[in-house]
Amino acid sequence: MSAVLIALAALSAAAIGAPLFTLLGGLGLALFHSAGIDGSAVIVEFFRLASLPALSAIPLFTAAGFILAESRAPQRLLGLTQALFGWLPGGLAVVALAACALFTAFTGASGVTIVALGGLLLPMLLQQGYPERFSLGLLSCTGSLGLLFPPSLPIILYGLVAQVSIHELFLAALVPGLLLLGTLALYAGIVGARAGVGRTPFSRERLARAVRAAAWDIPLPFIVVGGIYAGFFTASDAAAVMAAYVLAAELLIHRDIPLRKLPGLAARSMALVGAILVVLGTALGLTNYLVDAQVPDQLFALLHAFSPSKALFLIALNAFLLVVNMLEIYSAIVIAVPIVAPIAIQYGIDPVHLGVIFLLNLEIGYMTPPMGLNLLLANRRFERPLGTLYRAAAPFWLIHTAVLAAVTYLPSLSLSLSK
Amino acid sequence: MKKTCSLIESRLLAAERALLALFLGLLIALSVLQVILRGVFSSGWVWADLLLRHLILLIALLGAGTASAEGKQFAIDGLSRLLTGRSKAAAALAAQTFTLGVCLLLAHAALRFARDEFAAGRTLLSIGGFELPQWVFAAAVPAGFLLLALHSALQALCSISDVKA
């Protein structure tokens, strides 16, 4: 009875917009109380935030990403990728894909890509003769492309919550990420050729100009991504290096951001970090209760009686994650992983493989109607009705889903590099 | 009353933001220093690592405070999107009151946690002869939840005038 009341109270508080951390914290307090345990157990777990390994990667990458997004690095990146790939069939679309993937990986997939790059790319695509619907769909889906590449914040958060090696996750996500990028590039090339889009001839001078302009930005991905893949840096080391590098390059060398704007920018980025970490901290308490009460085991028993097959479980997991992502990616990871991961392991799914499935699924959630964040952002940024965007995103959604199916049912795609 | 509440809220926000910028600067400086020490000299300071981790706890709580003030906390928020005018203000007031209540309960639980830590008297880190006890950071948790409670109380007071209007 009291459990029903607690659940009802939590649901109604959620519906009127109470912050997620109050729901998790309140539920944790109520459940521990009903089990006769003092509520400070919730806080003991919250305090455990300070002992999570690699935690510093979250504030450091977020701060660096905010600075990058505020600088003129996106424009320089576009110039460079266009000089490199613009001559390919469907070149500009490939440019858009590559630039957005890189930018999203470095800024943490919080939707800034659509805002920062989408506005620049849409007029360029239309001017070159790409169909409007294709261009809108492309840009709406690229807002989360890059989630699978280092130093993507959601991967780090998954590693923290699931207690899986972040290094292995980055390795495991590489092939699926490239597969997705390659499939999308192929599609873009076909659409570009059909629409008779003009190509920009390759120009050595142009490339040289773009390289000179971006000379200080170019080493960053090599240092950070290369350092992580080579095992030279841990995620938190890479984050520290990136923060220092970005500060030096964008503030002192390029001077894109005046120094007086820096404290405000720092505070703004830490608001996001605070919002993520209170959810994570309060979820640790709730999770601790759920694991103690063997809720994942009971759920597994229930599910297993219903469907003993791993394949069916994976289909259900895919569908479940699409719905969960209506929340928002960080909360979705923090809340769903501790419950889903132990169940999946009992089904015999590798936790690293599960991580890749999770992240790709969440990426698709970003562009799933009606509430996918990228669609809402594109609606605001491009001032097009949601209905148009739903239709525009559909082919990209299908490609993503096909890649998800491949990644889900062919574990070797993820595990060949990491194991 | 709404004016006073917004004024207090904006002052509080400015103070939190200044502290956040300071702590983030410290975090970046210490982390980079550690990477250099480890990479170049194959050594590092144990205290710096511990300080870093607990600094993030302070950043989390202060950052959550600013997220509350700026309406950037993660929420599911299904129903209130559909509401307008007074009913929207009433829903906001209910959500803020709920938040206030939970934050006070969390602060109360955190206070007991901090008291236990104080009684245990553990040392978190020592730099030279200086010893920093763990309860200092444990005490930041109730303070942080009180801060979040304060934000929601101020917002609830603002909403009361919205509901009346």
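Guide: Ala, Val, Leu, Ile, Met, Phe, Trp, Tyr, Cys and Pro count as nonpolar, Asp, Glu, Lys and Arg as charged, and the others, Gly among them, as polar. The model discussed here is predicted.

Visitor: How much space lies in the largest cavity, and how many cavities are counted?

Guide: The largest cavity holds about 50 Å³. The count is 3 cavities of 30 Å³ or more.

Visitor: Why is the meeting of B:R112 and A:D38 called a salt bridge?

Guide: The term requires a side-chain nitrogen of Lys or Arg within 4 Å of a carboxyl oxygen of Asp or Glu. The N to O distance between the side chains of B:R112 and A:D38 is 3.0 Å, so the pair qualifies. Between chain B and chain A the count is 2 salt bridges.

Visitor: Which helices of chain B supply the side that touches chain A?

Guide: α1 (2-41), α2 (46-69), α3 (85-120) and α4 (135-164) each supply at least two residues. α3(B) gives the most, with 13 residues. By class, this side of chain B has 34 nonpolar, 9 polar and 8 charged residues.

Visitor: What area is buried between the two chains, and what share do carbon and sulfur atoms give?

Guide: About 4400 Å² is buried between chain B and chain A, with 80% given by carbon and sulfur atoms.

How values were computed:
Residues are numbered from 1 along each chain as its sequence is written. Chains are lettered from A and ligands numbered from 1 in the order in which they are written. This is a predicted model: local features need pLDDT of at least 70, side-chain atom pairs count only at pLDDT 80 or more; totals for chains, interfaces and linings use all residues. Side-chain values use heavy atoms; hydrogens and water are left out. Buried area is the accessible area (1.4 Å probe) that two parts lose on being put together, summed over both. Helices (H or I, at least four residues) and strands (E, at least two) are DSSP runs, numbered from the N terminus. On a 1 Å grid over the protein atoms alone, a cavity is a set of points where a 1.4 Å probe fits but cannot get out, and a pocket is an open set with protein on both sides within 12 Å along at least five of seven lines; lining residues have an atom within 4 Å of a point. Grid points are joined across faces, edges and corners, and a volume is the space filled by probe spheres set on the points.
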